[in-house]
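This report is meant for a reader new to the structure.

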Amino acid sequence: MPWPTIRKPPHPAVRPNVTDYDEARRRFTWEAARAELDGLPGGAGLNIAHEAVDRWADGPGADKVALRCLGRAGGRHDLSYGELKEATDRFAAALTSLGVRHPDAVFLLLPRRPELYVAALGAMKARCPVSPLFPAFGPEPVRQRMALGAGRALVTTEALYRRKVAPVRDQLPDLAHVLLVDGSGAALSDDGVHALDDLLASAPAWPGIAPTDPEDVALLHFTSGTTGTPKGALHVHEAVVAHHSTGRIALDLHPDDVYWCTADPGWVTGMSYGVIAPLVNGVTSIVDEGEFDADRWYRTLEDEGVTVWYTAPTAIRMLMRAGGEMAAAHDLSRLRFVASVGEPLNPEAVVWGQEALGLPIHDNWWQTETGGIMIANLACADVKPGSMGRPLPGIEAAIVARDPDDDGAPLVRDGQAVLVDDPSVEGHLALRPGWPSMFRGYLHEPERYQRCFAGGWYVSGDLARRDADGYLWFVGRADDVIKSAGHLIGPFEVESALMEHPLVAEVGVIGMPDPVAGEVVKAFVALTPGAEPSEELNRELIGFARARLGPAVAPKSIQFDDDLPHTRSGKIMRRLLKARELGLPLGDTSTLEAAP
Ligand code: ATP
Ligand code: MG
């Protein structure tokens, strides 16, 4: 049974940036979007940090709070746009004074504190490609990524340096400088290790950003590693055109917004939409150093008066688990728009938002490779729970047919991809190349990059369907879909059906080899707190899924598992469930949330 479409009443005070989807699509051009930005003075190109910081600091917005940083143990520290300019100028000057300059790569291994934001934007001012690493990584994932990216400088804390970098330092020949944001201790005696404060104090005046080619690499982001070894995606300064416009269109950012993106900048969401998009749109952004905690998050939403909130399905599922009463105990009346990305958002969760927060959750879709939001449920449009929404203005999306003779690979005829029109048929979700934040390569993997393009399209690796209204529905990753007795089954559909059961908190679904059917569906189910696993509940859940999905698609077996493997960015790792189940090698586990 499909979930009813949610029609939203207009907000009493704030008119969405886009009020008519079709008209916005007709009128949109990337040239016009580019013209909304400044560019460097004197036509000297385009630099993300200028658009994010200097543009406001040099104008009447200098005193506005750019970042409101909440400490892990309490306390808050505000940084205005003016202060952010000064700090990033000084950082850029300090970096340059060490001889670190374009195109040397600068890695960041920092908690979500002001220094992380200053270092990211400061390094971009120095035109150094920035690669942010998730600070919970162990030494090996840090080493692997820094070696791949030939990091010349690293900005980190003393504790992180000692635990994660010093043990592998001898394997990082390119790493010439380590800048410790809190450096005063013993680590300073290591080669090339500096106290950032000392460098800042002695740095010469910053002459301003040098001419920057919009095609210069600005960011190196590693993917989440959900389906295999993480890939390094290269993004350029031109991407800021998309960060700006998608922030306005998909997140509906308005100048007075208090905005909170809960993702860590070690992942692309936390950089594109936790650092760049909010600043480029001139809003006040919440930066929380703390980790997920349902009560803390509700308090942050309430106390900071968050108006626009961008989070992830895993967080929403955890809030659902914590119960609606907790939401009801907080005044969330300032909240105007809630969006989610990273994984399929179960329809159940969209509707939960409506009940618990008074707002539906707006799912949107994109990838490390796309650099910015491509498909979204917009503030002005009806929400179909379970759908990712529609392509943004400026983005052309299509469903490319699966080739039955080539194991479902994208079907190309005479050099052109064959597109699917039928809303009931799934295929490869593909995008017409050419949007500004499209990745320009996979680090050291040119052939892999080429393989992403087929018949004139960028093929995302995800399978989807498009309905008659143009809404896109996620089916699964091409690697994850299950082929059972002639059916193609997307794990998401099965997971969402089980999620509707009141005792189910989270589900991961895989295909198990079967001599008759090819594969059969198996579900791993985490129960809500207090629910007890039992044979009876197991049977009940299988019956529940059968009633919703039919016997061909419903799981044949269910295993209770309170500890589903997640990536550190919060996605269920189905490949690991499968490898464990079949006793196969686990593959790359560098992004696994907890050690296997
Ligand atoms: P890797 O490429 O290393 O396997 P990853 O694909 O998880 O990891 P990301 O770039 O962080 O790395 O994630 C992008 C992917 O996340 C998408 O391709 C899609 O599979 C999934 N995803 C993101 N948003 C959504 C969404 N709204 N609905 C469904 N899936 C989504
Ligand atoms: Mg991917």
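Helix 11 is followed by Gly 305, whose phi is positive, near 60°. Within helix 11 (residues 294-303), the buried residues include Ala 294, Trp 297 and Leu 301; buried means under 20% relative accessible area, exposed over 50% and partly exposed in between, with a 1.4 Å probe and protein chains only. Helices (H or I, at least four residues) and strands (E, at least two) are DSSP runs, numbered from the N terminus.

The model is predicted: local features need pLDDT of at least 70, and side-chain atom pairs count only at pLDDT 80 or more, while totals for chains, interfaces and linings use all residues. Residues are numbered from 1 along each chain as its sequence is written.

An open sheet of nine strands has the order 2-1-11-10-12-13-14-15-16, with mixed pairing. Its edge strands, strand 2 and strand 16 (390-391), each pair on one side only. Two strands pair if DSSP finds at least two bridges between them.

| Pair | Sense | Bridges |
|---|---|---|
| Strand 1 (residues 65-70) and strand 2 (residues 76-80) | antiparallel | five |
| Strand 1 and strand 11 (residues 284-288) | parallel | four |

Val 65 stands opposite Ser 80 in strand 2, and Leu 70 has Asp 288 of strand 11 as its bridge partner. The hairpin of strand 1 and strand 2 has five residues between the strands, and Gly 74 there takes a positive phi near 110°.

Elsewhere, Glu 115 lies in helix 5 (residues 114-125). Glu 115 is partly exposed, with a relative accessible area of 30%.

Methods:
Chains are lettered from A and ligands numbered from 1 in the order in which they are written. Side-chain values use heavy atoms; hydrogens and water are left out.
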